Amino acid sequence: MVATEVIILIVVNCLLSLTGIIVNFLVVLVVLKNREMRNELNLLITSLSVADMIVCLVAQPMYIVTLSCKASEGFKFAFELIAFIGLHASFNSLTGITVNRMAVLLHPFSYTMSHHRKRLYVAILGGIWFTSVILAYYFTTDLGREMTPYVHTFMFSMFIFSYGYIFWVARKQVRMISSQMQSVSFNHKATKIQSESSAAKTSAILVSASLVCFFPDIVFDYLHIVDEMRFSWSFTLLFLSSSINPCIYVWRNERFRLALLRTIHCIPLLRDRIISSNRVNPQMDSTNQRGGVSTKGKASTVRGQDHCSIVDLD
C-alpha cells in the first residue's frame, strides 16, 4: 500500500477505535447502573456493545499494528481470530435482537420479562458467544473461507426477510388497534404498539448499518480477493459498524439517553466538570438572594434524576 493510504487508514482507525471504546463502554455502564434498563432487549444491546468493544479495544489496535509494520503470520492469525469473534458476536447479537422484536410484536400485550424468561435470555447470550467463537475459528480455516460468502449471504437474506415480516406485523397490529378506537384500553394499546414499532425501527437501522458495512466484504469473498482487500481498507469498513452501533441506539432511544445523562452525572470526573460548569457566579448568587431566590438545593435539570442531583453529588 502507498504510505499516504497507510497513514490515512491508521488515523481513521485510531479515531474509530477511541470513539467505539467510549460509546460502547457508556452503553454497558448505563445497563449495569440502572436496574430499570435491564430488560431483554437491553441485555441483547449490551451483548452487542461488548462485542463491539472487543473489536474497538483489541482487534482494531492489532489491525493498526499490521498496517504500521510487518507483522508475523502468527500475529495476523491472532488478529483475524479476535476480529472474527467480535464481528460474529455483533452479528449474532443483532440476530437475537431481530428475534426479540419479532416475538414482542407478535404478542405485544402478553409478552413480559418474567424471571424464567430472563434466565432464558442469559442462556441465549451464552449461545451467542459460544457460536461466535466456533464460527470465528471455523472461518479461519480453508474450508471455512470457502463457505464464508454463502453463510453471510444467507444471513443477509434472513435479516431482509425478517424485517419485512416484522414491519408487516407492525402495520397489521396498528390496523387492528385502529378498529378498536371505542375501547377503554385503546390509548394504552396504541402507545404500546407505537413504542414497540419504534424499537423495531431502531433495530432495523442497526441491522441496515451493519449490512452496509459488511456488504463489500461479501462481494470480495465471491471475487476471491477478500484477503487482499481486507488488509487494505475492508477491515476499516467492518470495524466502522462497531463504532456507529451504540451511537444509533443512543440517538434513537430517548429513555436510554436520559439514563445515560443520569449515569454520566454519577461519574466523579464528569460530575465535577458538570458541577463547575453549572455553578452560579457569586455576583449572580447574591442578586438571587436579594430577590428572595436561593439556588441552594436546586437539583439537576436532567429529567428523572432524583437520587443523583448536582447538589447531592457536590
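**View 1. Glu 80 is a buried residue at 7% relative accessible area, and its side chain meets that of Arg 145 in a salt bridge.** The N to O distance is 3.0 Å; the cut-off is a side-chain nitrogen of Lys or Arg within 4 Å of a carboxyl oxygen of Asp or Glu. Arg 145 is partly exposed at 25% (buried is under 20% relative accessible area, exposed over 50%, partly exposed in between; 1.4 Å probe, protein chains only). Glu 80 lies in helix 3 and Arg 145 in helix 5 (residues 142–178), so the bridge ties together parts 65 residues apart in sequence. Helices here are DSSP runs of H or I, at least four residues, numbered from the N terminus.

This is a predicted model: local features need pLDDT of at least 70, side-chain atom pairs count only at pLDDT 80 or more, and totals for chains, interfaces and linings use all residues. Residues are numbered from 1 along each chain as its sequence is written, and side-chain values use heavy atoms, leaving out hydrogens and water.

**View 2. Glu 36 and Arg 262 form a salt bridge too, at 2.4 Å, N to O.** Glu 36 sits in the loop between helix 1 (3–33) and helix 2, while Arg 262 is in helix 8 (residues 254–264), 226 residues away. Glu 36 is partly exposed at 39%; Arg 262, at 9%, is buried.

**View 3. Here's a ring cluster: Phe 91, Phe 156, Phe 159, Phe 214 and Phe 215, linked by ring pairs.** Rings of Phe, Tyr and Trp (its six-membered ring) pair if their centres lie within 6.5 Å; planes under 30 degrees apart are stacked, over 60 edge-to-face, the rest tilted.

How values were computed:
Helix = DSSP H or I, 4+ residues; strand = E, 2+ residues; numbered from the N terminus.
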